[in-house]
Amino acid sequence: MSPVPRRVVHVTTVHPRDDIRIFRKECVSLARAGYEVVQVVGDGQGEAVVDGVRIVDIGVRPAGRLARMRQQPRRALQAVRSLAPALVHVHDPELLPLAGAMAREGVPAVYDAHEDVPRQILTKQWIAAPLRRVLSWGFERYENARVRPLAAVVAATPHIAQRFAAVARRSVSVANYPFLGELAPPAAPVPRERVVCYVGGIMRTRGIFEMVRALPQAPGVRLLLAGNFEDAALEQALRAEPGWAQVDYLGLIGREQVRSVLARASAGLVTLLPMPSYVDSLPIKMFEYMSAELPVIASDFPLWRDIVVRQACGVCVDPADPAAIAAAIRAIVDAPERVQAMGRAGRAAVLDQYNWPQAERELLALYGTLLP
């Protein structure tokens, strides 16, 4: 079957169909640019057309990671072949063999590297510590070998793009920067409260214990906490912390609720611990805080410090030190004029540089080269 001109197929068997990076940013942007975009997913929710993107469902994913990794890529490959794409763009490491198969059939294939997986493996608590380095080493060589025949790698950070530049034909950075208007502060701003916030996955490695332990050292300040817990044991342990009395747990909330939380808070926390997969990352929550005119309290990593301090939009602290986090919270919450100044500086930086339209240009330029 001959490829259909300008038909591009994005594939994920792991992420939800409305994933912000895959669907709302990349697929919708490409559809608006004139490409015929199909997204292949495996969730059992059926087919649909949303915002100009056709969604093809290969069926609910099997229970268990290994079963999913065996079955879903085969189903996805059958679906992709039936769609006769001019280009295929995969978003999960388990889909690298699919990308390779399409490349061998003459279809340009792109690998979207959302994370630095080899460094991420080093932080996986469910993998026995002695095995992590071996698995990280082995996966990096596997991933490098798999991307060599592909047309390009799209990386979520400059660090990941640089890593693949040595082995891939093309490697470009398309950052997960926020939309310009989605989390913008209200036209009639509400007064900032004596609260800080954290929105995202609630995990040990993301510094949640240190955040909660900082609260007793910031009397009268509450933490608005939104997201899912990594596991039940973590939730139980956190609720036993003295600082939990100062936490308002909101659960998993929608984007409108996120906007409301960011409008109320006086600072946003992104104090991830210094794990290998975090120190060179560009966490979307940091830029979302900035887009909402919210000062940032961030981990003191060189890359993050270069953004936060240079843009004067927050402060950087040792993320493993609850006392340092508490001192930063007090210094910001107790100074409304500082909240306003840092918030405006962060918003200005997003409008100027750290926004999706800027990243979108990189994606469209790559596609213009691969599908002239």
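Serine 299 is buried, its relative accessible area being 0% (buried means under 20% relative accessible area, exposed over 50%, and partly exposed in between, with a 1.4 Å probe and protein chains only). The model is predicted: local features need pLDDT of at least 70, side-chain atom pairs count only at pLDDT 80 or more, and totals for chains, interfaces and linings use all residues. Residues are numbered from 1 along each chain as its sequence is written, and side-chain values use heavy atoms, with hydrogens and water left out.

**Surroundings of serine 299**

- Serine 299 belongs to strand S13, residues 296-299 (strands are DSSP runs of E with at least two residues, helices runs of H or I with at least four, numbered from the N terminus).
- Its side chain reaches the backbone oxygen of leucine 272 at 2.5 Å.
- Leaving aside residues up to four places away in sequence, serine 299 touches Val270, Thr271, Leu272, Trp304, Cys316, Val317 and Pro319 (contact means heavy atoms within 4.5 Å).

**The eight-stranded sheet**

- Eight strands form an open sheet with mixed pairing, in the order S3-S4-S2-S1-S5-S6-S7-S8 (two strands pair if DSSP finds at least two bridges between them).
- Strands S3 (48-50) and S8 (171-173) are at the edges and have a single partner strand each, so one side of each lacks a neighbour in the sheet.
- From one strand to the next, the twist averages 25° (axes are lines fitted to C-alpha atoms, for helices over the stretch in contact, and angles run from 0 to 180 degrees between N-to-C directions).
- Five bridges join S2 (residues 36-41) and S4 (residues 53-57) in the parallel sense, and valine 37 has valine 53 in S4 as its bridge partner.
- Helix H2 (residues 65-83) packs on the sheet, touches S1, S2, S4 and S5, and makes about 170° with the direction of S1.

**Aromatic rings**

- The count of aromatic pairs is 10 (rings of Phe, Tyr and Trp, the last by its six-membered ring, pair if their centres lie within 6.5 Å; planes under 30 degrees apart are stacked, over 60 edge-to-face, and the rest tilted).
- Phenylalanine 229 and tryptophan 244 form a tilted pair, because their ring centres are 6.3 Å apart and their planes lie at 40°.
- Phenylalanine 229 and tryptophan 244 are both buried.
- Tryptophan 244 also pairs with tyrosine 249, with centres 6.4 Å apart and planes at 45°, so this pair is tilted.
- Tyrosine 249 is partly exposed, at 28% relative accessibility.
- Tyr177, Phe287 and Tyr354 are linked into a cluster by ring pairs.

Note on methods: A polar contact is a pair of N or O atoms within 3.5 Å; within protein, one must be able to donate a hydrogen and the other to accept it, and residues adjacent in sequence count only if both atoms are side-chain atoms.
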